Amino acid sequence: MVESLAPTTGLTFPRSKGELQELGLHTTWLTIETLLEAWTGNYSPDWSVLNGANVLDIGAGSYLNGDHGAPWFARVCAVNGARVVVTDILPQSEVDIKLFEAIIDEDIIPPVLAGQFAQLPQLQGRTFDIIHSMNLVGFNPDPRLEGALNNLGVRLSEFEESLVRQTRALLNTGGVMYLGQLYGGVYRKS
Ligand SMILES: C[S@@+](CC[C@H](N)C(=O)[O-])C[C@H]1O[C@@H](n2cnc3c(N)ncnc32)[C@H](O)[C@@H]1O
């Protein structure tokens, strides 16, 4: 039984597959499981492999804006020992700030379109084992992102291509990436 959750106590996060399933966080556990299988090459690996892994979550969500969703993927990776960098246009809550190695709380459209995403100060000198983005681009794009791109006269596909190109360069060899089903699912860098 999971004692409590960050939104109610600000302290306790679910950590294991069982806890996530118990809380109905099925998408998060399935995504982590899928990425870890692709990364390790093993079926249903122990999540302790996350310990020390470098993880980037793009459009992670923020607990400060409930309807945008809390950053569950990033939280679960962090409490399993991963070094997690998150990006979201919204700031993170005090509790989440303590969990993450670095936070990019700005609009990522300008740096992505300029080909300068990896040059953001928080990403300087970093590469990643796992890069994740859910409900920002791909099969279920965030309407706010689409609206902002529309206002700039930029197609979503153009932004996605630029993002994929730059995130691929941030992956370690053998690293894995899931960006909302772009490229049909999980990409593994060989
Ligand atoms: C639909 S939510 C998804 C949150 C989380 N990944 C999930 O699946 O629950 C999309 C997130 O992308 C963020 N976002 C939208 N446009 C953005 C932009 N231009 N730059 C950075 N983050 C953005 C929003 O603030 C929001 O938290």
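Which residues of H4 are buried? The buried residues of H4 are Trp72, Phe73, Ala74, Arg75, Val76, Cys77 and Ala78, where buried means that 20 or more other C-beta atoms lie within 10 Å of a residue's own, exposed means 12 or fewer, and partly exposed means in between, with C-beta atoms placed from the backbone. This is a predicted model, in which local features need pLDDT of at least 70 and side-chain atom pairs count only at pLDDT 80 or more, while totals for chains, interfaces and linings use all residues. Residues are numbered from 1 along each chain as its sequence is written. Helices (H or I, at least four residues) and strands (E, at least two) are DSSP runs, numbered from the N terminus.

**Confidence**

- The average pLDDT of the chain is 92, and 93% of the residues score at least 70; pLDDT is the predictor's confidence in each residue, from 0 to 100.
- Over residues 1-9 the pLDDT is below 50, although this stretch has 15 contacts in the model beyond near neighbours in sequence, a contact being two residues whose C-beta atoms, placed from the backbone, lie within 7 Å.

- Helix H4 (residues 72-79) is largely enclosed by the rest of the structure, because 7 of its 8 residues are buried.
- The cover over the buried residues of H4 includes the helices H2 (17-22), H3 and H5 (94-99), together with the strands S1, S2 (83-87) and S4.
- Just after H4, Gly81 takes a positive phi of about 100 degrees.
- Helix H7 lies largely in the open, because the number buried among its 10 residues is 1, and just after H7 Gly153 takes a positive phi of about 75 degrees.

**Helix H8**

- Helix H8 (residues 156-170) has 15 residues and reaches 21 Å from its first C-alpha to its last, close to the 21 Å expected at 1.5 Å a residue, where the expected span is 1.5 Å times one less than the number of residues.
- In H8 the buried residues are Phe159, Glu160, Leu163 and Thr167.
- These residues lie on the same side of H8, because they cover an arc of only 95 degrees around the axis, the arc being that of the directions from the helix axis to the C-beta atoms.
- On the other side of H8, Ser157, Arg165 and Ala169 are exposed.
- The buried residues of H8 are covered by elements including helix H6 (109-113), strand S4 (128-133), helix H7 (143-152) and strand S5 (171-179).

**Surroundings of the ligand**

- Of the 20 residues around the ligand, Gly59, Gly61, Gly69, Ile89 and Met134 come nearest; a residue is near a molecule if its C-beta atom, placed from the backbone, lies within 6 Å of it.
- Helix H7 supplies the largest share of this shell, 3 residues.
- The shell divides into 9 nonpolar, 7 polar and 4 charged residues, with Ala, Val, Leu, Ile, Met, Phe, Trp, Tyr, Cys and Pro counted as nonpolar, Asp, Glu, Lys and Arg as charged, and the others, Gly among them, as polar.

**Loop residues**

- Pro45 lies in the loop between helix H3 (26-40) and strand S1 (54-58), and counts as partly exposed because it has 14 C-beta neighbours inside 10 Å.
- Not counting residues up to four places away in sequence, Pro45 touches Leu36, Glu37 and Thr40.
- Ser44, also placed in the loop between H3 and S1, has a phi near 45 degrees, a positive value in a residue other than glycine, and Ser44 is exposed, with 10 other C-beta atoms within 10 Å.
- Gln181, found in the loop between S5 and strand S6 (186-188), has a positive phi of about 75 degrees although it is not a glycine.
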